[in-house]
Each structure stands twice: as C-alpha cells, then as structure tokens.
Amino acid sequence: MTAPQQAVAGVFDAELVRLDFPILAQQVNGHPLVYLDNAATTQKPECVIEAIVDYYRHDNANVHRGVHTLSDRATLAFEAARECVATFINSPDPRQVIWTSGTTEAINLVANSWGRSSLHPGDRVLVSWLEHHSNIVPWQLVAAATGAEVVPIPVTDAGEIDLDALDSLLDDRVKLVAVNHVSNALGTVNPVNEITRRAREAGALVLVDGAQSVAHWPVDVQALDCDFFIFSGHKLFGPTGIGVLWGREALLEAMPPFLGGGEMIETVSFTGTTFAGLPFKFEAGTPNIAGAIGLAAAIDYLGGLDRAAAAEHETALLRRTLELADEVPGLRRIGTPTHAAGIFSFLLEGTHPSDLGMLLDQQGIAVRTGHHCAQPLMDRLGVPGTVRASYSIYNTQEDVQRLFEGIHKARSLFG
Ligand code: C6P
C-alpha cells in the first residue's frame with residue numbers, strides 16, 4: 001500500500017484529500033464511487049486504518065491492568081487519545097472526556113445517570129422536533145421511570161428551531177434542554193449558543209448532540225457553554241464503536257455510574273463498593289482501545305487540514321447543489337434552513353425516495369433515503385422520508401454534477 005498523500009496545513013484541495021481515503025478510488029456498479037452518505041458515516045483516511053492495524057500488530061493488550069510492557073504501551077496510547085480529544089474540543093481537563101461506544105450510548109449514559117438521579121415527577125426535558133431518535137427515546141425511557149415529561153420544542157416549516165416557542169416553554173419545570181448542533185435529516189445548524197443562553201437563564205442544563213457538527217468545523221465546548229457535548233468517532237473519519245461524552249466536571253462528579261463492572265470501581269466488597277474517579281467511573285469493562293487510538297489518528301489528520309477552508313469547500317458544494325436543484329422540475333428541497341451544514345434533503349415528484357436511492361446506487365452514487373431516524377420531524381414536515389445527500393471534505397464539484405446527472409436520469413425513467 002502506498003503512503004497516504006497528506007494534505008498540507010494551510011492549503012485545502014479536495015482532490016488531494018481524496019487520495020488519503022483509499023475506499024474512494026473504487027468503482028461501484030461499474031462507476032467511480034460518489035460517496036454522499038457522510039452523515040451516516042464518513043470514510044476513513046489511510047492513517048486511521050494504519051493506526052488501528054499498528055495497534056493490533058504491535059501494542060495490543062488490555063489497559064490500566066497489566067504490569068507488562070504491552071499493557072503500558074496500550075494504556076499510554078489510549079490515554080494519549082483521550083488527551084487528543086480533550087484538546088480537539090477544548091475541554092479544560094481530559095478527565096471530562098468519557099469514552100462511549102458512540103453518540104447513542106453517550107446520550108443514554110446521561111439519561112440513565114443524570115436523568116434517573118435528578119428528574120422527578122413534573123420535571124421537563126425539552127428536545128426539539130429536529131432530533132434524531134437517539135436524543136428522544138432515551139429521554140422517553142427515563143421520563144417513564146421518573147414521572148418527568150419530554151416536551152418537544154417546535155420547529156418552523158423551514159426546519160429551524162422556533163426560538164420564541166422555546167422561550168414560551170422555558171420555565172422552572174425544565175431541567176434539561178437537549179438539542180442537536182446540526183440536524184442529520186435537514187442539515188440545519190442550530191444556534192446552540194443562543195439556546196444555551198436562554199436555557200441557562202431559566203435554570204436548565206443543556207445537552208448538545210454534536211454527532212453532525214464535529215466533522216464540519218472546530219468545536220469548543222467552553223465557548224458553547226453547554227453542560228454535555230456528545231459525538232461519534234465514525235462520523236469524524238474515525239472507526240465505529242467509539243464515541244465521546246464530554247461533561248462539566250461538577251456534573252460528572254455528582255452523577256452516579258451508568259454501568260457497573262471492572263475498571264469503574266475503587267474497591268468492591270459485599271458490604272459496599274466504592275467507585276473510581278473521573279473518567280473511569282463511567283467506563284466499565286474493557287474499552288474500545290483500538291477505536292480510541294483510531295479516533296485520535298483521525299483528529300490528528302484533521303489537524304493537518306485548513307479546517308476553515310474545508311468548511312468553505314463544503315459550503316460551496318451545497319451552494320452549487322441548491323443552484324442545480326432549482327433547475328430540476330419536480331424537485332423539492334425538504335427543509336430550507338438559513339444555515340445548513342453539507343446536507344441536502346429532497347423529494348422528486350412521482351418518485352419514491354428508495355427507488356431514487358437505488359437508481360443512484362446503480363450509477364455508483366451512495367445517498368441515504370428514508371426517515372433518517374427522525375420520524376417526528378418527517379411527520380412535522382408532512383413527508384414519509386427524503387433522499388439525503390450529505391457532503392464531506394473529500395467530495396468534489398464533480399460529485400455534485402454526478403448526483404444531478406443521476407437525478408435527471410431518474411426523472412427521464414420515472415417521469
Ligand atoms: N445519524 C444518519 O444517517 P450513532 O449511531 O450513535 O453513532 O449516532 C446516532 C446519531 C445521533 N444524533 C445524530 C444527530 C445523528 O445524526 C446520529 C446518527 C446517522 O443520520 C445514522 S441514523
């Protein structure tokens with residue numbers, strides 16, 4: 001395998017970036033692959049694949065347990081990965097970075113630990129209509145167990161959180177506002193700073209689901225001023241099965257453990273068990289060591305790119321997409337947020353989204369179709385689902401062109 005061609009800091013060239021992602025070089029169904037399903041998962045650069053392989057080839061051992069050299073190496077790499085994440089999101093302390101299997105588990109951790117210990121009958125958790133199921137269902141489960149209530153924050157027809165409606169919901173019953181940073185279904189960039197300011201004034205905590213934001217621009221948890229920030233490694237060019245819960249130190253210190261087992265204890269006896277400090281209190285069992293190391297490699301990779309220029313590039317792709325969409329009769333964009341991050345959701349008159357998705361796939365173009373795990377949002381917008389093209393740093397204007405060639409072909413077949 002040839003060495004990946006790393007992008008040079010300060011310069012952004014999507015064609016050069018593509019070379020770092022071996023999977024993108026292949027043909028799918030007889031066509032060069034156009035991968036537009038980045039909101040589902042991003043592809044992995046060679047350096048991430050190599051970091052995982054290297055770990056298993058040379059350093060594999062359990063962490064925090066052995067006295068032997070391999071265990072020391074694995075532990076050092078694993079904890080260095082935590083520090084890498086802490087720097088990446090500007091956490092005041094790496095102990096505030098808790099490894100999880102992904103966004104879903106991280107939200108469940110907060111719901112089960114903070115939620116079950118802090119929510120009481122009559123309390124409210126506000127979630128927006130834009131949320132992914134993983135930021136709805138855990139709250140419904142904890143509400144059923146505690147007598148608290150999950151109340152949706154209305155969104156406008158454009159697919160944006162209605163801030164006036166939020167204001168009217170914020171009262172002293174609200175203990176937490178849980179919103180995504182970017183909607184996975186529409187691409188809406190939510191004004192989380194503003195939401196946090198309003199929630200805080202009302203005495204509520206704020207959880208930000210950053211699954212769809214971290215790959216698009218640098219996130220600073222201190223500047224966001226939220227209480228919990230959560231994301232998945234696999235949407236950030238890292239491996240699956242690894243994710244992050246960041247939390248305010250005082251909150252994490254006060255929260256009870258989520259899962260019990262090895263690693264998360266200080267002492268265990270049948271007369272009483274005491275728990276480890278942060279972050280280990282929340283990390284029961286053998287963690288995803290290779291996943292953490294792979295995620296750190298992905299973050300290092302991003303550190304070699306000019307991220308502002310990368311974000312500009314993605315914005316240009318979406319801008320061109322919207323221009324071309326205007327020229328397609330019968331194409332309707334679903335959600336028209338003022339600020340959108342690299343996601344284009346749409347319907348084509350007379351065509352079922354999954355038929356269009358399959359037809360695009362036959363042309364080597366990967367998109368996602370359906371409700372995108374956001375059924376309440378689909379109901380709110382009155383659509384059963386959409387076709388979703390989601391962009392990343394390695395997509396090009398040629399990819400956009402190919403998408404529209406595919407859409408025009410579908411129109412001629414189905415129209
Ligand atoms: N969205 C999509 O195609 P996990 O599966 O735990 O890594 O992430 C869940 C999740 C939570 N919040 C948001 C905003 C998300 O977008 C996702 C995952 C994928 O849109 C898979 S459904």
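**View 1. Polar contacts between domain 1 and domain 2 in the predicted model.** Between the two domains, 16 residue pairs are in polar contact, both residues having pLDDT 80 or more. On the side of domain 1 that touches domain 2, the elements that give two or more residues are α11 (307–326), β14 (343–348) and α13 (375–381). Of these, α13 gives the most, with six residues. By class, this side of domain 1 comprises 17 nonpolar, nine polar and five charged residues.

**View 2. The salt bridge between domain 1 and domain 2.** The count of salt bridges between the domains is one. Aspartate 157 is paired with arginine 380, and their closest N and O atoms are 2.8 Å apart.

**View 3. Area buried between domain 1 and domain 2.** The size of an interface is often expressed as the accessible area lost when the parts come together. Here the buried area is about 2500 Å², and carbon and sulfur atoms give 57% of that area. In domain 1, the residues that lose the most area to domain 2 are Arg307, Leu377 and Arg380, which together account for 29% of what that side buries. Arg380 also forms the salt bridge with Asp157.

**View 4. Division of the chain into domain 1 and domain 2.** Domain 1 consists of residues 14–32 and 306–414, whereas domain 2 spans residues 51–302. The C-alpha centres of the two domains lie 29 Å apart. Across the boundary, 31 residues of domain 1 are in contact with 29 residues of domain 2.

Definitions and conventions. Residues are numbered from 1 along each chain as its sequence is written. This is a predicted model: local features need pLDDT of at least 70, side-chain atom pairs count only at pLDDT 80 or more; totals for chains, interfaces and linings use all residues. Side-chain values use heavy atoms; hydrogens and water are left out. Domain bounds come from an automatic or database domain assignment. Contact means heavy atoms within 4.5 Å. Buried area is the accessible area (1.4 Å probe) that two parts lose on being put together, summed over both. A salt bridge is a side-chain nitrogen of Lys or Arg within 4 Å of a carboxyl oxygen of Asp or Glu. A polar contact is a pair of N or O atoms within 3.5 Å; within protein, one must be able to donate a hydrogen and the other to accept it, and residues adjacent in sequence count only if both atoms are side-chain atoms. Helices (H or I, at least four residues) and strands (E, at least two) are DSSP runs, numbered from the N terminus. Ala, Val, Leu, Ile, Met, Phe, Trp, Tyr, Cys and Pro count as nonpolar, Asp, Glu, Lys and Arg as charged, and the others, Gly among them, as polar.
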